[in-house]
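I opened the notebook to record a few look-ups. The entries follow in the order I made them.

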Amino acid sequence: MGANTSQVSDLSDNPSLKALVGTESISENDPFWNQLISFTFISPTSSGDSKLLEEAVIPLAKILIENNPRTGNFGALVRIFLGRTKELKISTECQDQLFIWQAHNALFMIRCLLKVFIREMSEEELHLQFSYQERAPGSCGEAGSQDLLEELLSNLVHLIVEVPLLDITYSILFEAVTTLLVFFSYQLFHKDILRDGLIYQHIMKGRCLSLTSRLVKTLLYNFIRQEKCPPPATHIFEPKDEGGLLYGLASGVASGLWSVFTLGGAGSKAGVDQEHNPLPLSNQSLLLLLVLANLTDGPDWPNPYRQAITCFRNTQDTSSLPVEQPHTFQINFNSLYTALCEQQRSDQATLLLYTLLHQNANMRTYMLSRTDMDNLVLPILEILYHVEDRNSHHVYMALIILLILTEDDAFNRSIHEVVLKNISWYTERSLTEISLGSLLILVVIRTIQFNMTRTRDKYLHTNCLAALANMSAQFRCLHQYAAQRIISLFALLSKKHNKVLEQATQSLRGRQGDNTALPDYAQDLNVIEEVIRMMLEIINSCLCNSLHHNPNLVYALLYKRELFEQFRTHPSFQDIMQNLDTVIGFFSQRLEQAGSDLSVERVQEVIMKGAQALPKDRLKKFPELKFKYVEEDQPEDFFIPYVWSLVFNSGVGLHWSPHGIELFSMDSG
């Protein structure tokens, strides 16, 4: 960084950088600036190298913090960049790659310095760093009423929405998105959620407000396009005169910038190779979109970016709105749906899917109308199947998405009509052919069993059972293995119930006359009985609504009928057990009448004929099982820390030293 600098170790001795941070003011008209931003620099290739870069920048930035009140050199650097942004669109049209390259370099330097500034000072002090003016002869004078901080924020937003995404602009668009993320990174240094501040005010109410819908739309399209970082030979500078000085400078920085764009990070346990990320602009745009969408509402104004996300419509929707919604726009839903299906391996794509399903009624209706829902549901199920390798927040999001989807009866019916073959990632048993509905049941039950033995999270249990309950009335043609796993889960719960009951009994016997506090077995027992009750209601719902469609469930129920004996007289289960007793008794009698030593095929035949003969009025009707996801059920301010943990762990073009960061001790396992 700085003219002809080639590696991190050279930064502290670079004469141009020493002049920038030094005690002398530099006029904006000085040729120094053109030299400063025409640097060649081998950029970091990993998060470790990025940390080295930050550590090298910190002492220089601290010197600048001390000297800038007298020199105003930081403000001058910002104005040099702003001067170039005014002509970026024209430069792009004219293929002026050198101009774009220099503008990028200036912004890269600003971003590196800003990261240190934000770590070292408050927003008010940062604002002052922008306002200091040079006092040396030849100065450009006072900036008058211009707010340079707001000017930079506004120009970054304009740059993102107005400069087209081409090979030669990829780097500066990436840098603009990343710099906005750095501006918002004050949140990383505060335990409490930030609900105000200068940057917040500028983005939510200032000159950026009029560009809200365009910014959200551009960030979404960056995500949709999934553009890879262009090859080093094409995305910054093409040789005009082979061997010329400018080509030597530019080709050097091009190869270096390719490295910074593939920069990795700490990452989560999601299994994504973040050390070699080929889609930095797409990923960074999605992170910025999520940060904007999760800014808190003001005291008397809503978050405009959230408004834009909740009301955008399909480009094919030509209907007129009865009431014009603020910040609305149109986007291609098919392209967005395809990108969402392809990118669910990342937390941020799953969080975007959740946001759209939960908050944008237009997008939710579109998704539920698709005939290829397996393309969306299968990646979500794969996240849950590999629960051991995912962070808990990713698992929560996947479960909540399933819960929202299962609120729709048409979805619950259609998933049993989609037949899948050879699910490669499901390794517990070979599934040569299974319906999407049966696979969903298998994966959710597996998640419950994992939670029972490992995390024991009641919230996770609740969402899993709610999704199963929502689907239960529409269970159709359950796969034999899915039916077995439903009954096996009940067997596991029954065993757990008996164990806790025995522990409670033994504890009471052994502590007669002992006044010390007893373990809270009553509470444990109550939780287990709530889950058992829910499982009985799920089985009952299927039997009452679609018994004749599910002979495999009846078979599994009869095979393990002894499991239900102990709950027949239990006061918490007596009512719901009546239907199960009726079904078990009816089919047991028909099997006895059919003779002894029946083959599996013969038993299934008897069950299928019996299902048609069982009078529906023999089964007691219960209220329909329906659970709806309510965002207020989430822990307070769940999403803001989650989003920033993703930014912190992304590593793409960013590295934050853990020094001073208080908000994110979020688990990754």
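Which residue lies over the face of W301? I found K205 there, at 4.2 Å from the ring centre. I counted a charge as over a ring if NZ of Lys or CZ of Arg is within 6 Å of the ring centre and within 35 degrees of the ring normal.

Source notes. This is a predicted model, so I kept to its limits: local features need pLDDT of at least 70, side-chain atom pairs count only at pLDDT 80 or more, and totals for chains, interfaces and linings use all residues. Residues are numbered from 1 along each chain as its sequence is written, and side-chain values use heavy atoms, with hydrogens and water left out.

Charge over a ring, again. I looked up R84 and F99. The charged end of R84 sits over the F99 ring, 5.9 Å from its centre.

Aromatic pairs. I searched the whole structure and got 19. Y555 and Y559 are stacked, because their ring centres are 6.5 Å apart and their planes are at 10°. My rule: rings of Phe, Tyr and Trp (its six-membered ring) pair if their centres lie within 6.5 Å; planes under 30 degrees apart are stacked, over 60 edge-to-face, the rest tilted. Y555 and Y559 are 4 residues apart in helix α26 (residues 551-559), so about one helical turn separates them. Helices here are DSSP runs (H or I, at least four residues), numbered from the N terminus.

Then I checked accessibility. Y555 is partly exposed at 22% relative accessible area, and Y559 is exposed at 60%. The cut-offs: buried is under 20%, exposed over 50%, partly exposed in between (1.4 Å probe, protein chains only).

F586 and F587 came next. Their ring centres are 5.2 Å apart and their planes are at 90°, so I logged the pair as edge-to-face. Both F586 and F587 are buried. I also noted one aromatic cluster, formed by F312, F329, F333, Y337 and Y366.

E151. I placed this residue in helix α8 (residues 148-162). With a relative accessible area of 14%, E151 is buried. What does the side chain of E151 make a polar contact with? The side chain of R207, at 2.8 Å. A polar contact is a pair of N or O atoms within 3.5 Å; within protein, one must be able to donate a hydrogen and the other to accept it, and residues adjacent in sequence count only if both atoms are side-chain atoms. Leaving out residues up to four places away in sequence, E151 touches L82, Q146 and R207 (contact: heavy atoms within 4.5 Å).

H393. I found H393 in helix α20 (residues 392-405). H393 is buried, at 10% relative accessibility. Its C-alpha atom is 8.1 Å from that of D347, 46 residues apart along the chain.

Definitions and conventions:
Helices (H or I, at least four residues) and strands (E, at least two) are DSSP runs, numbered from the N terminus.
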